[in-house]
Amino acid sequence: MRMWPSSLFAVILPCMSATLFAAERAPSVERAVAAAEAKAPMTADEARAFIKRLHAYVREHHLKRAENSPQRGMIYEYFNVPRAGKPDQWIEGEALDTMHDGSWYAAAMVNAYRATGDDTYRKFLAEYQVPFYCKMLNHSDTLFSAKQNDADAKANVFGREHMLQEGEKGFVPYWWDDGASVSLDRVRTKSPLSVYFCRDLTVGKPNPDFKLSGYSLGSSNHLAQDLGIMVEQCWLLFRQLPDDESKKLTAELADAARNLRDCRMHHHGHIPMCDAPAALVDADVKLMQQVPDESANPNWQYKNAYYQAFYDFKPGQKVTYPGFADDDEYFYYFGTARAGGKLPDALALKLIYDAYTQPLLYRAYCDDAPVPQPGINRFDLHPYYAIDGKPTDYRSELKGPSRHPRPIGSRMGPQNMVVCGWALQALHAHPGIWRNALEHTAGKNGTWVYVDDTATHGIADGGAKTFELHHAAVAGLKPFNVLGFSSSRSELNISGSIPDAAVTLQIFLPARWPGHSRRRHNESGQIVQDHQ
């Protein structure tokens, strides 16, 4: 089975970006950003070197390497740079993303190895990450127990989806540590007890630094899907390698895929990103049929958050900006698995459309600042909304915390860069895919104008699509005149001359798009009818 490597440095960046920085960007950072923007695009050799630099940083600062630690091979989400070498250099949220981010990083290592051929990344997986995650997925029945809960009496209660079931395999907790990290939650609240169900080995002992020692009793369907990508990609890689170590890891990953799927069936039911790896490792055609066939799905219809926010909205109803692009990545990995390693046309279009349009939500918010560079978008834990076809507020209104702009982050942004990489590959591999989509929506005989932000406008310069106008009163509809149409995201340009003052243009959107006006203009450009 062939899986395309992604935009690798974008995949690695989310782990890097978990490093803690000050709230305000220093002038030196601004200068560095300006200098980076002025540079030419990376060459292939520069990209390889950049990936390796990022990986070296993660290995040095985020990886747990202690030989005698049960968590050897874990990659911490947060590294507090000013506290390097101190007991609190590593920070974990007790219901956040250390286990998520490690699994994404493993997928990045697979892609880095495939794209560069550098054995550094395969060795890293074999020595650290695959043994660590397989240990949990294949032995959670003996590593973790739900018989004792040491959390505060008022702690959040885990339900069926989240709570560890006694004796189950395939369970990866939100956190698991032996005192090497501190609790983000308890550092903030100064409480010695957790607000999430957990086994806490520090209870009854002095713990002034709020160190984490024990494990969470919670997990999630979200985490399980991230693990599904990791297991699927690592299994596909190591099964192709002939050495004994790779064969051993392949067998362990196959068990991990089965256990992960069984675990989620107990907690939820069928999840495509958990079913697909289990079906792959056993060549189980019947189980793979539980995974949606994206070649048969109506992805020709644009229904993402951007479309719902600005085109298909319901008056007065808020639409949330997406905080991450996890779903696109799940769809890609289970969709290609279901299709035997190929990217179905309809799924390719979904990825292309999402890659282009989802960042436009944040661009719409930025009314008083330059459009942010790729990799920057909304902070996933701070919601942004649109209502009635526009953002609920704009950057210039300073409605974020402490009367600042709403916070930005580096989760949705880097993930979108990954999807952009797939989209570019898909456009190359599927010639005409955009026109095919238009034919699905407008019909083969439909008329459309392409959106192009860089196109020049007007008939003479060739930047516009031309249409012949006809006199309805003339038998046979002989040509009357020619108009040129071109479009950017924000405007429709019409150019040409019409000598007959009786001609009118009707510019409208279909009534099925609520909240948009249908306007009729006379020859002077004045609105003569305006229907909401």
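Colleague: Before we look at single residues, what should I know about the numbering and about which features count?

Modeller: Residues are numbered from 1 along each chain as its sequence is written, and side-chain values use heavy atoms, with hydrogens and water left out. Since this is a predicted model, local features need pLDDT of at least 70 and side-chain atom pairs count only at pLDDT 80 or more, whereas totals for chains, interfaces and linings use all residues.

Colleague: How do I read a sheet, and what is the order of strands in the open sheet of three strands?

Modeller: Strands of a sheet pair through backbone hydrogen bonds, either parallel or antiparallel. Helices (H or I, at least four residues) and strands (E, at least two) are taken as DSSP runs numbered from the N terminus, and two strands pair if DSSP finds at least two bridges between them. Here the order is E6-E8-E9, with antiparallel pairing. Strand E6 (318–320) and strand E9 (390–391) are the edge strands, each pairing on one side only. Between E6 and strand E8 (residues 385–387) there are three bridges, and the two run antiparallel; within E8, Ile 387 stands opposite Lys 318.

Colleague: Which strands pair with E5?

Modeller: Strand E3 (residues 176–183) pairs with E5 in the antiparallel sense over five bridges, and E4 pairs with E5, also in the antiparallel sense, over three bridges. To find these in the viewer, look for Ser 213 in E5 as the bridge partner of Asp 178, and for Tyr 215 in E5 as the bridge partner of Arg 199. Burial is described by relative accessible area: buried means under 20%, exposed over 50% and partly exposed in between (1.4 Å probe, protein chains only). On that scale strand E5 (residues 211–216) is mostly covered, with five of its six residues buried.

Colleague: How should I read helix H7, and what is its span?

Modeller: The expected span of a helix is 1.5 Å times one less than its number of residues. For the 18 residues of helix H7 (residues 221–238) that should give 26 Å, and the end C-alpha atoms are 26 Å apart, which agrees. H7 is also mostly covered, since 17 of its 18 residues are buried.

Colleague: How many salt bridges does the structure hold, and where would you start?

Modeller: Side chains of opposite charge can pair when their charged atoms come close. A salt bridge is a side-chain nitrogen of Lys or Arg within 4 Å of a carboxyl oxygen of Asp or Glu, and the structure holds 28 of them. I would start with Arg 72, which forms a salt bridge with Glu 67, the closest N and O atoms being 3.3 Å apart, and another with Glu 127, where the closest N and O atoms are 3.1 Å apart. Because Arg 72 lies in the loop between helix H3 (44–61) and strand E1 (78–79) while Glu 127 lies in helix H5 (residues 119–143), the pair with Glu 127 ties together parts that are 55 residues apart in sequence. Arg 72 is buried, with a relative accessible area of 18%, whereas Glu 67 is exposed at 64% and Glu 127 counts as partly exposed at 38%.

Colleague: What surrounds Lys 64?

Modeller: Lys 64 lies in the loop between H3 and E1 and counts as buried at 3% relative accessibility. Contact means heavy atoms within 4.5 Å, and, not counting residues up to four places away in sequence, Lys 64 touches residues including Arg 72, Trp 90, Asp 177 and Asp 178.

Colleague: How many disulfides are there?

Modeller: A disulfide is a pair of cysteine sulfur atoms within 2.5 Å, and by this rule the count comes to zero. Cys 274 is in no disulfide, as the nearest cysteine sulfur, that of Cys 263, is 8.5 Å away; Cys 274 counts as buried at 1% relative accessibility.
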